[in-house]
Amino acid sequence: MYINSIGYYLPELVVSNSYFSKINGHTDEWISRRTGIIERRKAGPKENTNTMVCEAVKQALTGNPYSIQDVELIIGATYTPYDTVITLAHAVQHKFNISGVKVVSVSSACSSFINSIEIVEGYFASNKAELALIVTSEHNTTYSNDSDESSGHLWGDGAAAVFISKKRLSENDLKILDVNTEGLGNIGNPHENVFLNPSNGGLKMPNGRDVFKNANKYMAKALEDILEKNSMSINDINYVITHQANARIIENVRNHFKIGKEKMIINIDKLGNTGSASTPIALTQIIKKIRHKDVVGITVFGGGYSSGALLIEK
């Protein structure tokens, strides 16, 4: 499989930490020290999960070698949908008037983008598609409560779109070496630690300590496992992108692998936690840095719980 093009979208509205000192009592210093977040983006009154991802698709199309009308599979990944009936993927199909396409929706919290790639792999292997579009978008701030002391300050909004082909179509394509995911709903009490329940306070993380502990463990494990499976080591990786949940988690993963800071890609300081969109947004932001034969390792952990990893080579 090959990534042909990738794009992202961020709302214009920037919300700094100082806003929360008036809302939930947490100071700029407290938030930045505990999370690494300095500011985050918030969708405007006329924006939502669907509108943001359509803008990301438009950006991705500028570098794509084929028409969006040629896409045979659309997968939408989000846990913050605008509509649970007309899904994110269907909204993209409607916006761009794509006919004769398979449409699938995925919700595995912050792991959803990696899950989507694994689903694409299955469709390609069964010869049911050769060109796919993954769209991932999170409108966290429409579900979160800014006054929530435990997690109101964590969330940011954003979207990404990735075109993927079964065969190489351009010398600029990124080769997907391997992808793997794992459900972790059987460990701990994930349903009590982080959830989105519109009838019970919306998007909340009342037990961030447990999420923190397991994110440290399983993001490292997911990357270790996929490297071992492919007879590679961390020394073969040029860049590591983790789910952007907390700067301290990212630093712990870095220390686990004993790699330099220059290899770790971080955007949580400017964007907050953008959920399943965080890793493709980060990949888009470094796309021009990636050189021939560079390898990028992506590792994620999400609510539910769930984890996954991806290896990409230029």
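This briefing walks you through a strand and a helix, together with what surrounds them. The model is predicted. Strand β14 covers residues 306-313, and eight of its eight residues are buried. Helix α8 spans residues 247-257, and its buried residues include I249 and F257.

**Strand β14 and its two sides**
- S306, G308, L310 and I312 point one way from β14, while S307, A309, L311 and E313 point the other way.
- Residues on both sides are buried, E313 among them.

**The partners of β14**
- Strand β8, made up of residues 174-183, runs antiparallel to β14 and is joined to β14 by eight bridges.
- Along this pairing, you can find D178 opposite L311 of β14.
- Strand β13, residues 295-302, also pairs with β14 in the antiparallel sense, over eight bridges.
- Here T299 is the residue that stands opposite A309 in β14.
- β13 and β14 form a hairpin with three residues between the strands, and in this hairpin G304 has a positive phi near 125 degrees.

**Helix α8 and its buried face**
- The buried residues in α8 are I249, I250, V253, R254 and F257.
- Seen down the axis of α8, these buried residues fall within an arc of 140 degrees, so they line one face of the helix.
- Among the elements that cover the buried residues of α8 are α7 (208-229), β11 (239-242), β12 (264-265) and α9 (268-271).

**The two ends of α8**
- At the start of α8, a side-chain oxygen of N246 comes to within 2.7 Å of the backbone nitrogen of R248.
- Just after α8, look for K258, which takes a positive phi of about 55 degrees.

How values were computed: Residues numbered from 1 in each chain as written. Predicted model: local features only at pLDDT ≥ 70, side-chain atom pairs only at ≥ 80, totals over all residues. Heavy atoms only, no water. Buried < 20%, exposed > 50% of the residue type's maximum accessible area, 1.4 Å probe, protein only. Helix = DSSP H or I, 4+ residues; strand = E, 2+ residues; numbered from the N terminus. Pairing = 2+ DSSP bridges. Arc of directions from axis to C-beta. Contact = heavy atoms within 4.5 Å. Polar contact = N/O pair within 3.5 Å; in protein donor to acceptor, adjacent residues only side chain to side chain.
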